[in-house]
Amino acid sequence: MLYEIIKESKIAEPKISVIVPVYNVISYIDETINSLLNQTLKEIEIILVDDGSSDGSFERIIDYGERHDNICVAKEPNAGPGMARNNGLSIAKGKYISFVDSDDILPERALEIMYEAAEKEQVGVVTGISVSFNNSRSWFIGGHFKKGVFKKGRKSLLQNPEMLYTLGPCNKLYRRDMVQDIRFPNSIKVAEDHPFVIEAYLKSENIYTVDEIIYNYRAREDEGDISLSQIVTSDPYVSFKDIIASIKLSDALLKQYVTNPIALQKIRIDYYDRIISTDIWPAYKGILLSGSAETQIKMFDAFRELLDSMDFHLYNNLGVFQRLLTFETINRYTFIKEKARSSYLRAVRLAYEKLDPGSLNKLLSSEFPKEVRAGEKAAKRNSIKPIYNRLVTRKIGSTIKLGYEKVIAENWKKLSGVARNFYARRISFPFYKLAKKERKIVFLTNKHDVLADSFKAVYDEVILQKPDYKVVGYLKQPKRSILELLKMYKDIATAEYIFLDDYYRQIYGLTLRKDTEVIQLWHAAGAFKKFGFSSIGYADSNTESFERDAHKNYSKVVVSSSEIVPFYAEAFGVDEKNVLPLGVPRTDRFFNEEYKTYIKTVFEGKYPALKNKKIITYAPTFRGGPGERQQFIMNLNIRRLAEQLGDEYALILKMHPSVVRGVGIPFDLQEFAFNMSGEDINDVLINTDILITDYSSVVFDFSIMEKPILFYAYDLENYLGERNFYYNFEEFVPGPIVRTNEEVINAIKSNDFDLHKVRTFKERFFDDLDGHSAERIVKELIK
């Protein structure tokens, strides 16, 4: 786009070039320019680029240019703020670039603060705190603080994905040599700044945030005089169309710059989640509630195209997109014009087709499970009728009940919990077993409400290797309706394969069909403390009849090595030939160098106090029965460790999932110790240099990385009576055994660890050290 310089600035080597696009802002331009002229940093040039104004704005900036040597005035035909900024970049001479919108205001020290930070920290981008204001008040931008955007310090986009929540170009300072080849797309006017800012983030080695207010955004109050940022609500389809175009440009940049595939996968999830929740969501609601049929059709077709471009992993990590396409739209279905409903049906069919069991479980755990099921039925039947029926039912307050399951539903609430389960298990389940077995794989767990650990790895391989199978999952859920419960037992009764990862009480005592393969992917690697039939007679054990009911249906058990086959055969009461040493899928990530590199980068960004520290992780197992487990008392003296080891080490606490009581860390020790019980255990282990545990099977996982392990067994004798072990504990463990806090400290200080012993331990308990356990399991067991 051609532009004309009307008046040049007379500053030869400015520290900062401030670029201001100007379009019909006669009411605001004086305040904006004066806030720039009053900056405490004086070596700046102000580049005012008129974008075809017709209200006198151009004449006003000419007047300022004639009176101030540091002002440059340029003019272009109307093409939008992106093109005006591009032309300003072509003119700029400063070491740094700043963008200011022509109705906003800079605090007088804003440029000085950012310039000093850029020079001191030697970074490519500096940002700070922004506030919004109108004629009567000012306020902090809630989303920025909620996401921690303006927390002070050095950052990068991959370590700090919260920076995706500040994609406006104007509250930042950019090093010119870094952005001089980046341009704003000229084909869109809404979200046109996102690709520019994302590329600047990615090209910059570091981003630095100052904890001072450096920008004031104006919220215009006159309905006839709105800014581009307010177009989303005034003309939602224009906004929606541009946002979709911006997404494609930004996504391509992420793929271009992020070479680690794991990091790319994660940053794309963060980016899409931000754009859909913050930008698409308001535009979507505007189109749905007030758009024409043609506009709605275009929107739903665009949604389907966007969804079709996503891989399964990306889509199934975007809960906001799943909600939007399912119950959020179904709840507003009456606003969809008649002509647009078939377009929505095409989008919702693909939405359910791509859902994995964990994502579906999350949707069913929302406040609208019946709407989610209605959408699922509509997708399966390729008919909008189930959605219509659900809305009619909801409106009139009663259900048109047809068929066997709905007749049961009519009286379900009258039954007690015991009676409900009896009805589903003893009456419905045998009835379902009479049906024909289906080409179907079912995942059952009460450990997680999403696909996680080994289940996630196996599911990904099933999708890759066995796309012709139907896959369903029943994951952790506080309560199931009658229809949900009956559907679960129907799927169990007709499945070809069932995967478990632990005890699963819902099938205790049931006799499954003989031609259904029930595969136990036990959640722990190796064989350490006794469990199942092996633990009968010890304090923390079940009865023999309980264990028999729990394990009677297993046809295959997957373990990590040949050595432990007899132990698992005994624990589950199965023939040794059905215990297969194929590996533990959740440990596959320990062999993925790209994944480990990414996780270390993430932890550095998330927990900056850990940087340049050696990491000790304390990961004890639980004690006793369910009540005692929840009241676990930690015998590790955090303060003593901090005093003795704090200069060199940091401490991570990773409690067992059965321990629900929070572990408190004194305020003055929070730069030394971190409770990461909510983090994925494998991700914590990847960042760990020394592991302290006791009787936990985490020792097997950690041994894969051949790092030091310390066994804090302060209550060994009591634990022997409670559970006992498959091996002699003191001869078996691959590291020093200590009984007191002082012994813990001394062992770490002396660094007397035998890594050869750890390596031998690893090779003993893992037959295949290749990172392909999930692939092997699916290939070998699903024929």
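I counted 33 helices and 22 strands in the chain; helices (H or I, at least four residues) and strands (E, at least two) are DSSP runs, numbered from the N terminus. I noted that this is a predicted model, in which local features need pLDDT of at least 70, side-chain atom pairs count only at pLDDT 80 or more, and totals for chains, interfaces and linings use all residues. Residues are numbered from 1 along each chain as its sequence is written, and side-chain values use heavy atoms, with hydrogens and water left out.

I next looked up the extent of the chain. The C-alpha trace spans about 95 × 75 × 45 Å along its principal axes. Of the 783 residues, 57% are buried, that is, under 20% relative accessible area (1.4 Å probe, protein chains only).

I then turned to the sheet. Six strands form an open sheet with parallel pairing, in the order E12-E11-E13-E14-E15-E16; two strands pair if DSSP finds at least two bridges between them. Strand E12 (470-474) and E16 stand at the edges with a single partner strand each, so one side of each has no neighbour in the sheet. E15 and E16 pair in the parallel sense over two bridges, and Val-557 has Val-579 in E16 as its bridge partner.

Lastly I examined helix H33 (residues 773-781), where the buried residues include Ile-777, Val-778 and Leu-781. The buried residues of H33 pack against helix H20 (453-465) and against strands including E15 (556-558) and E16 (579-580), contact meaning heavy atoms within 4.5 Å.

Definitions and conventions: Buried means under 20% relative accessible area, exposed over 50%, partly exposed in between (1.4 Å probe, protein chains only).
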